[in-house]
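Me: I have a model to go through with you. Could we start with the sheet and then turn to a helix?

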Amino acid sequence: MKKYEKYKEIKLPWLKEVPEGWELKQIREIFYERKEKVSDKDFPALSVTKNGIYKQLENVAKTNDGDNRKKVLKNDFVINGRSDRKGSSGLSCYDGSVSLINIVLIIKNAYPKFIHYLLKSIPFQEEFYRNGKGIVADLWSTNFQLMKNIILPIPPLSEQTQIANFLDWKINEIDRLIELEKRKIKEIEKLKNRLINKLIKVENGNKIKIKYFCNLFGRIGWQGLNSGEYSDKGILLITGTDFKNGEINYETCVRVPYFRWEQNKNIQIKNDDLLITKDGTVGKLALVKNLKEKATLNSGIMKIEFFKDTIVTKEYLYYVLKSDIFKEWFNNLNLGVATIIHLYQRDFYNFEFFYPDIHTQEKVVIKIKNIENKFDNLLAYLESQIQNLQELKQSLISDVVTGKIDVRDIKIPNYKKQKY
C-alpha cells in the first residue's frame, strides 16, 4: 500500500508525522463529555469490552447501584478509564447506560466510525493510558479532564469516511479469516475429545466411587478470607482462574498472609496434587507441577488426595474427570436446578465410574497423551494464526488512522458488513 506524498513533522509522544492537509486537534475540540446520570431501569445496561459496546448479558454480575449510571446514546464513544481495562471501548450502536468508571464522549464534528477506529488504535490506547494517574499501575485511571488535551490527527471529513469504509472492509475480511480458524479449532477439539472419550469410557467391569480411594479437602467457607488480604507478598492463593491447560499459572495467583497456609494443613498444596473447581466453571482440573513455594486454596477448589494403596491412578482419574463420563454425571445431578450450581463434597464422594486394571489404565493414559500431543500441536498452530491475524488487524488500523498508509484512491467493493 502506498504512502502519502508529503508529511509534516510533529512532536507528539505517540506520533511523529501526519500527512499534509490533516489537522491536529485536542480531544476537547472534537468531543463533549456526556455526564448525565440515569437508571438502568430507563436506559438498559451496556457492557464496555475490548471488542466494543454490547447489550449487557443476562448472566453477568449486575451492579447494586443501577440508579447511578452514565447515559449513552447511539454514536457516543465510550471508553473505560481504568488501566486494568485498557482497550475496552467503542462506538455505541445502542441507547443505554454504563458504569461511572466509563467516559462517554459526544462526537461534535467528525465522522463517528473514523473516531471509533482512531480511538481503538493501539497508539491512542497507550497515549490515553500515559495521561492517567494513580498510585500503582493496577489502580491507574484516566478521566476526561486528564485526556482532554491529547492531540489527535484529523483528516478532512471525506477522507475520514473513506478511511472508515476501507477499515470496515478490511477488518471484516480479517475477522472472517479469524472466525474460520476458530471453527477449525472447535472441530479439532471435538475430534480430540471424541477419541479421548472412546479410550476412557469402559462399559463394563469393575465400578468404584471416589470415596473408596480418595479423600476430598477444601477451604470450609472463606474462613474470614477476603480480597482485602490480597497482595504481592505472602503465600500463593490458588483460584479457579489460575487453572490453565491442566496446570496452575502461578503468575496470575494472588498472595495472602502466611497464617492462611498454616490454618488448614489439608489444603497445603504440593507438587502432583490433583485439583478440581467446585464453583464458577465447575469441573476445571489441574495437576500441580513446578510448585516452588507454599500455596493454599480459595474456597472454590477441592484437592483430591489419594489413599496410599489405590486401584485407580491419579492420571487416569484426571482423564475420567475431563471426560463426558463426569460431565454427564454432574449434569444429571443438577437437572432442574435453577440456582447457581456447585460441586458439593458429599455428592462428589459418590461419583462412580467403571475402571480397568492398573496396567490397562497406564496404557490408556499413554495413548491419551499421544493424542493430546498430536492435536495440541495443531491447535497451537491455529491459535498462532489467529494471533497473527489479530496483530495484522491492529497494525492496519493504527497505520491507516495515523496516515502511514494512503487509502484515498482505493475502490471499496460491496461486501456484507459486520457490526463494529
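Me: In what order do the four strands of the open sheet run?

Reply: The order is β15-β23-β20-β21, with antiparallel pairing. Strands here are DSSP runs of E of at least two residues, and helices are runs of H or I of at least four, numbered from the N terminus; two strands pair if DSSP finds at least two bridges between them. This is a predicted model, in which local features need pLDDT of at least 70 and side-chain atom pairs count only at pLDDT 80 or more, whereas totals for chains, interfaces and linings use all residues. Residues are numbered from 1 along each chain as its sequence is written, and side-chain values use heavy atoms, leaving out hydrogens and water.

Me: How many bridges join β15 to β23?

Reply: Five, in the antiparallel sense. Within β23, K303 is the bridge partner of F217, and M302 is that of G218.

Me: And how many of the residues of β23 are buried?

Reply: Five of the six residues in β23 (301–306) are buried, meaning under 20% relative accessible area with a 1.4 Å probe, protein chains only.

Me: Now the helix. Which residues of α8 are buried?

Reply: In α8 (324–333), the buried residues are I325, F326, W329 and F330. They lie on the same side of α8 because they cover an arc of only 120° around the axis, taken from the directions from the helix axis to the C-beta atoms.

Me: What do they pack against?

Reply: The buried residues of α8 pack against several elements, including α5, β20 and α7; contact means heavy atoms within 4.5 Å.

Notes
Buried means under 20% relative accessible area, exposed over 50%, partly exposed in between (1.4 Å probe, protein chains only).
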